[in-house]
Structures are given as C-alpha cells and as structure tokens.
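This report covers the ligand site of one protein model.

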Amino acid sequence: MTVYFIGAGPGDPELITVKGQRLIHNCPVILYAGSLVPEAVLQGHCAEQVVNTAELHLDEIIELLRQAHERGQDVARVHSGDPSLYGAIGEQIRELRTLGIPFEIIPGVTATAACAALLESELTLPGIAQTVILTRYGTTSPMPEGEQLHDLARHRATLAIHLGVRHLPAIICELLPHYGADCPIAVIHRASWPDQDWVLGTLADIEAKVATKDFRRTALILVGHVLNPGAFAESALYDAAHRHLYRPGCG
Ligand SMILES: C[S@@+](CC[C@H](N)C(=O)[O-])C[C@H]1O[C@@H](n2cnc3c(N)ncnc32)[C@H](O)[C@@H]1O
C-alpha cells in the first residue's frame, strides 16, 4: 500500500502527468484538494472512496490515510499544481513517516508554468533575468525573516507571487522602488481553466486594470522585465558558434 501525492496541474485536466492520471484511474481511494483541483481531473477513476479534503483538517486527513493503509488500499492524494509548492504535503509526510506508511510524490505542472505559457513568455531571458523567485504574499502565515517581498525585490529577478491578488496595492508599493514604475506585471486568474483571464500592465497602471475584473482568488502575479523585454541577447544554447556535447563540430 502506498499514498501517492499527485500534482494535478493548474486546472486543465490534460495538464497532469501520464503517471498521475494512471494512478488516479487505478487507486481505490482518492483524496483531492477540491478548492483548487477540478473534478474533471478525476474523470475515469473507479475508486470506491472519493473525498474532497477542502473541509477537513490535518488529523481527519491522516485518519483517512491510516484507514486505507489498514485496508491495504493505495491512495491517490491529489493536490493542485505541483505538490511541493504551498501544498502542505510536508506535514502529511511527517505524519506518514511517524506511522510507517509508505508514500511517493508525483510532480505536476505548477501554476507559474501555466501562467508563463498563457502569456507566451520565457521567464528567464539572457541579460534580462536568469532567476525566478516563487513566493507568496499574505497575512495569515508570517513570512520567515529575510523573505519579505521588499527583501526579494532587491534581486530584480522574475517574481511569481502566489496568494497575493487581494494585496495588490501593498505589493506594488513594495516593488516600485526596486523595479520602477514601468516594470511589466501580469495578474493571471485561473490559468488553464475554462474561465481563465489575465491583465498585463505596469506597476504604474496594473491596479486600475485589475479593478475592472473580479480576480479575488486563484490568481498569480508575475512581475519582471521578461514580460515585455524589448531587445534581449540570444542564448548561448543555440548560438551557432557554441560547441557542446551534442554539437561538438559546430562553429
Ligand atoms: C495553495 S497555492 C497552490 C500552488 C500549487 N501547488 C502550484 O504548484 O501551482 C494556490 C495559489 O497558487 C496560485 N494558482 C494555483 N493555480 C492557479 C491557476 N490555475 N492560475 C493562477 N494561479 C494559480 C494562486 O496564487 C493560488 O492562490
């Protein structure tokens, strides 16, 4: 018996790995984070127990996993995007280790990747930004020291800010001194869902643009000059003069 933590992807049921889908189809027990995972992702399952864990607390979830273990039944534990990011799997893993219940993690397409795809953007452009910082903004759980947005902004890297759409004015204030008013920023709502929507603007005008929408949750904020790069250098990877293992004779 194994508990499979499965990344369901950002919403589109086709953006799940083949392995994740196969496990969902075969596991007799499914626990899914229904606040972000659409039921369409579960289509084709033949599980005898399917539980939306959105309303359960940790102890209740662990109890369901423990009962499945006792019955010798594999569990598909389905989380949105990639489970390693803001998925609260760490605390579940800790409990499973204590109980001696085996588990495996199946990665998924994270929201940041889906949003970059929607914007037709590369988040790492030569000479513009070579670093992406995935972070969150929120007031419910405090950020560790040194990880306040203004600390991260000093790097001027591409930023992917989760859980922050309701704090957009505060986010803009923290970013402005480091990125400048003309820096592109996008707010993407439910990327890859049928009702996906987004706005692209600058730190100067994004607040007014978002005010015309109803983006209250499940929105990601992407910030950085990669979103509107103008001229940028070509990569070394496809440079005709660049020799490497797969193109030893070129140049
Ligand atoms: C609890 S976190 C889960 C992140 C997830 N594990 C991942 O890898 O994408 C939820 C936040 O991720 C972002 N998010 C998740 N899915 C999204 C989507 N389809 N479009 C835009 N943002 C999304 C939003 O900021 C949302 O509030």
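The model is predicted. In it, an oxygen atom of the ligand lies 2.8 Å from a backbone N or O atom of A111. L220 brings a polar backbone atom to 3.5 Å from a nitrogen atom of the ligand.

How much of the ligand does the protein bury? The ligand taken alone exposes 560 Å², and the protein buries 93% of that.

## Pocket and shell

The ligand takes up the space of the largest pocket. Two elements give two or more residues to the shell around it: helix 4 (111-118) and strand 10 (219-223).

There are 19 residues around the ligand. Those that come nearest are L85, T110, A111, A191 and A219. By class, the shell holds twelve nonpolar, five polar and two charged residues.

## Domains

Where does the ligand lie relative to domain 1 (3-106) and domain 2 (111-227)? Both domains give residues to the shell, so the ligand lies between them.

## Recap

A111 and A219 are among the residues that come nearest to the ligand.

Note on methods:
Residues are numbered from 1 along each chain as its sequence is written. This is a predicted model: local features need pLDDT of at least 70, side-chain atom pairs count only at pLDDT 80 or more; totals for chains, interfaces and linings use all residues. Side-chain values use heavy atoms; hydrogens and water are left out. A residue is near a molecule or strand if one of its heavy atoms lies within 4 Å of it. A polar contact is a pair of N or O atoms within 3.5 Å; within protein, one must be able to donate a hydrogen and the other to accept it, and residues adjacent in sequence count only if both atoms are side-chain atoms. Accessible areas come from the Shrake-Rupley method with a 1.4 Å probe; for residues, only the protein chains shown count as cover. On a 1 Å grid over the protein atoms alone, a cavity is a set of points where a 1.4 Å probe fits but cannot get out, and a pocket is an open set with protein on both sides within 12 Å along at least five of seven lines; lining residues have an atom within 4 Å of a point. A molecule sits in a cavity or pocket if more than half of its atoms lie within 2 Å of its grid points. Helices (H or I, at least four residues) and strands (E, at least two) are DSSP runs, numbered from the N terminus. Ala, Val, Leu, Ile, Met, Phe, Trp, Tyr, Cys and Pro count as nonpolar, Asp, Glu, Lys and Arg as charged, and the others, Gly among them, as polar. Domain bounds come from an automatic or database domain assignment.
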